[in-house]
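Please keep the sequence and the 3D view at hand while reading.

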Amino acid sequence: MSKVIVIGGGAAGMMAALKAAENGHDVTLLEKNEKLGKKLFITGKGRCNVTNASDMETIMSQIVTNPRFLYSAFSDCSNTDVMELIENGGCPLKIERGQRVFPQSDRAHDVADALVAALAERGVEVLYKTRAKSLVEKQGRIAAVQCEHGRTISGDAFILASGGLSYPLTGSTGDGYALARQVGHTVTPLQPSLAPIQVEQAWVQKVAGLSLKNVCLRATAAGKQVFCEQGEMLFTHTGVSGPLALSASAHLEKQAWPQTKLFIDWKPALDEGQLKQRLIREMQFAPNREAKTMMLQLVPKSMAEVMLSLAGIPAHLPCHDITKQKRAMLMAQLKRMELTVRDVGPMEGAIVTKGGIQTKEIDPKTMRSKRIQNLYVAGEVLDLDAYTGGYNLQIAFSTGAAAGTAAAQSANQ
């Protein structure tokens, strides 16, 4: 019986260990925490959005970085495969808005329990509080893992699934990147993704907590549009957050942050001509009405005076005194309110890490390293990321399954 060593007990690591064990191998799972799947407990706001029940075309459209790399992995381990595995482990699932899949109990703990039970059933040995410190390489192969407290664990095949940098309290502290670099892999720049966006404009503090619906958020980097979607978002004390902002953050490359702008269209249902007519009607309806009162018909109360100020219009100015030029400036704020990106994150609060081990150095069918014969890689440590909605966990499960299956076959050889 050959021995497979899995480094990391998150979604990808547990799935890899399960698949390797199903092939009859001696599998040891190294987990630095005191329990497995620690990050699962905080996904989906504590309910664990395990995957998404959409068709494969829709799922692929939600992958932001290197989607083509995942075709084979998603084909071999689909969303229905993941759902079946978890339900067979005693955790019934349900499908909610946006085809998001959650446990019926709304308890992430039940998902983790189902996976842990499956590991135990397949005889996987789990070593808790065991942190992989370095890989022992001999003649283009990994011979063993050296652990933090001096223990050396040998094996025939090794799977690196130690997560990213987001939510470090769950154990995602970037260990896998260091291990990958140690054996010659390239790690692309790391940054937070699916995270709040901080902006330069100080006025956002005045509207912190304001939630917006049916607005359009557009992002440009060095003048080129990189994101544009309609939906919901909110202002924070330092910038913007909510679904639109989180999705936009996935497209903002760190090196381009200084040249990145956000634009909010408060009235995406109206084109320029329609908005112009709407403004004229509001101004003519009560010509003596103050501008700030008129604005209440267009934007939330907390935003009215801020928007007027940005347009250079005094809040108490009567509507009949708003010039054509000022009206055009107000139109610009309503259709193209500009924010300058200062930062994204912090990493500690990002849902996922953008960047990781370069995918061109990994076989997409087996997740095997093209540099090290018996090393496989899975999960967030790879340069793969997607929008919210269960897609990132599906990436973890699918790449983990591919790595576990292939590592077991490799160990046999």
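In this account, Ala, Val, Leu, Ile, Met, Phe, Trp, Tyr, Cys and Pro count as nonpolar, Asp, Glu, Lys and Arg as charged, and the others, Gly among them, as polar. By this scheme the lining of the second largest pocket divides into 4 nonpolar, 1 polar and 6 charged residues. The model is a predicted one, in which local features need pLDDT of at least 70 and side-chain atom pairs count only at pLDDT 80 or more, while totals for chains, interfaces and linings use all residues. Residues are numbered from 1 along each chain as its sequence is written, and side-chain values use heavy atoms, with hydrogens and water left out.

A pocket is an open set of points on a 1 Å grid over the protein atoms alone, where a 1.4 Å probe fits, with protein on both sides within 12 Å along at least five of seven lines; lining residues have an atom within 4 Å of a point. Among the lining residues of the second largest pocket are Met-15, Leu-18, Glu-22, Asp-81, Leu-85 and Arg-122. Two or more lining residues come from each of helix H1 (11-22) and helix H4 (79-88); helices here are DSSP runs of H or I with at least four residues, and strands are runs of E with at least two.

The interior comes next. Buried means under 20% relative accessible area, exposed over 50%, and partly exposed in between, with a 1.4 Å probe and protein chains only. A nonpolar core is a set of buried Ala, Val, Leu, Ile, Met, Phe, Trp, Tyr and Cys residues joined through side-chain atoms within 4.5 Å. The largest such core has 83 residues, of which Ile-86, Leu-115, Val-145 and Ile-357 touch the most other members. Its largest share, 11 residues, comes from helix H12 (residues 391-412). Apart from this core lies another, of 52 residues, including Met-283 and Leu-339.

Thr-340 lies in strand E18 (residues 337-344). This residue counts as buried because its relative accessibility is 15%. Its side chain joins that of Lys-261 in a polar contact of 3.1 Å.

Finally, the backbone deserves attention. Most residues other than glycine have a negative phi, and most peptide bonds are trans. Ala-222, however, has a positive phi of about 50 degrees, and at 65% relative accessibility Ala-222 counts as exposed. Met-367 also has a positive phi, near 65 degrees, yet Met-367 counts as buried because its relative accessibility is 0%. The peptide bond from Gly-345 to Pro-346 is cis, with omega near 20 degrees.

How values were computed
Polar contact = N/O pair within 3.5 Å; in protein donor to acceptor, adjacent residues only side chain to side chain.
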